[in-house]
Amino acid sequence: MAGFAYVAPSSIDEAVAVLAEHAGQGLKAQVIAGGTDLLVQMRSLNKAARTIVDIKKIGETGRLEIGADETFIGAGVCCAALHENEELKALFPGLVEAADLIGSTQIQGRATLGGNLCNASPAGDTIPAMMADAGVCVIAGPGGRRELPVEDFVVGVGRNALQDGEFLVGLRFPNPGAGTADAYLRFIPRTEMDIAVAGAGVRLTLDSDGTCTDARVAIGAVAPTPIMVPAAANALVGSKVDAGALDAAAAACSEAASPITDKRGTVEYRRRVVGVLCKRAGAIARDRAGGR
Ligand SMILES: Cc1cc2nc3c(=O)[nH]c(=O)nc-3n(C[C@H](O)[C@H](O)[C@H](O)COP(=O)(O)OP(=O)(O)OC[C@H]3O[C@@H](n4cnc5c(N)ncnc54)[C@H](O)[C@@H]3O)c2cc1C
């Protein structure tokens, strides 16, 4: 039986080679970014021996670049680095507030957006925020590079779209144009360090008249995967994002949700809460967009 091993490739090709070689030989290799999910899982859920592939020594995974049209956030960039980047916070306040919700300051010093996404928890806080922001996954594998919208990346509870030998290099986000802004809200039963009962990410574009010309709404923790809610977006487009439009968007989120009952809340409660969060996040995104 193969034992534990740790490798820290310095290039994308090297990382792909290690992952592909293990897959080809039927051996387990697993990427580590911050390790804030992985190490907890290895101590409790799955203690099986494996090769840990640390992607943080690869230059591109550590890159955070705000370009003229888009922003790239490498899969090794921790949430604390996002919080400390004032330019990023000004461009994507909703995305950064989602990252700010993960664990504690200590956890945010390790945790990454990529790890949150690859872990594929229904309640991963940054996933609806990235979906609302039209994020795109940059994936490297034995066949080269490919890209996939964040909304297509999570395919089930704890399952993502990565194939054997592939890993997430980073995430691309179109920079918001004039009158465009995002927001993310979640609800937890206590003040911090808990898993979302529900979450909602909204990105809106307003024209000079204050009319909504584009909207993206994504919700989390209320279905097996975070989901886009086009009906909620449609309820906002063409409106001034007033109380009536926000109520309609909230109702669409409650309708789209297919939650479970657990110790954090019942099906009925989660449906209700996700609507309220959509309404509030929509109002925040509207106010932010109006100021741009
Ligand atoms: C105390 C505590 C509080 C937390 N609070 C929250 C919270 O409030 N909200 C929340 O959403 N999460 C929370 N988490 C979970 C966790 O911190 C986040 O999901 C975090 O973003 C994971 O990122 P990471 O870099 O640490 O991932 P890792 O643990 O390194 O990896 C997570 C999974 O993704 C895979 N992976 C990571 N990076 C890649 C990559 N680039 N390519 C392919 N696969 C990859 C790993 O193999 C592993 O399966 C909490 C965790 C702890 C311990």
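Predicted model: local features only at pLDDT ≥ 70, side-chain atom pairs only at ≥ 80, totals over all residues.
User: Which residue is the bridge partner of Gln-30 in S3?

Analyst: For Gln-30, the bridge partner in S3 is Ile-52.

User: Which strands stand at the edges of the open sheet of 3 strands?

Analyst: The order of this open sheet is S1-S3-S2, with parallel pairing.

User: Is Gly-35 buried or exposed?

Analyst: Gly-35 belongs to the loop between strand S2 (29-32) and helix H2 (38-44). Its relative accessibility is 10%, and the cut-off for a buried residue is under 20%. Gly-35 therefore counts as buried.

User: How many Å apart in space are Gly-35 and Gly-115, C-alpha to C-alpha?

Analyst: In sequence, Gly-35 and Gly-115 are 80 residues apart. In space, their C-alpha to C-alpha distance is 8.0 Å.

User: Which residues have the most contacts inside the largest nonpolar core?

Analyst: In soluble globular proteins, nonpolar side chains tend to be buried together. The largest nonpolar core of this model has 46 residues. Among the elements that give two or more residues to this core are helix H1 (12-24), helix H7 (113-119) and strand S10 (167-174). The residues with the most contacts inside the core are Leu-117 and Phe-167.

User: How many residues are in the second, separate core?

Analyst: This second core is separate and includes Leu-246, Val-273, Ala-281 and Ala-285. Its number of residues is 31.

User: Which residues are the closest to the ligand?

Analyst: The ligand is surrounded by 30 residues. The closest of these are Val-31, Thr-36, Asp-37, Leu-38 and Thr-112.

User: How many Å separate an oxygen atom of the ligand from a polar backbone atom of Ala-33?

Analyst: Several residues place polar atoms by ligand oxygen atoms. A polar side-chain atom of Gln-30 lies 3.1 Å from an oxygen atom of the ligand, and a backbone N or O atom of Leu-101 lies 3.2 Å from a ligand oxygen atom. For the polar backbone atom of Ala-33, the distance to an oxygen atom of the ligand is 2.8 Å.

Note on methods:
Residues numbered from 1 in each chain as written. Heavy atoms only, no water. Helix = DSSP H or I, 4+ residues; strand = E, 2+ residues; numbered from the N terminus. Buried < 20%, exposed > 50% of the residue type's maximum accessible area, 1.4 Å probe, protein only. Pairing = 2+ DSSP bridges. Core = buried A, V, L, I, M, F, W, Y, C linked by side-chain atoms within 4.5 Å. Near = heavy atom within 4 Å. Polar contact = N/O pair within 3.5 Å; in protein donor to acceptor, adjacent residues only side chain to side chain.
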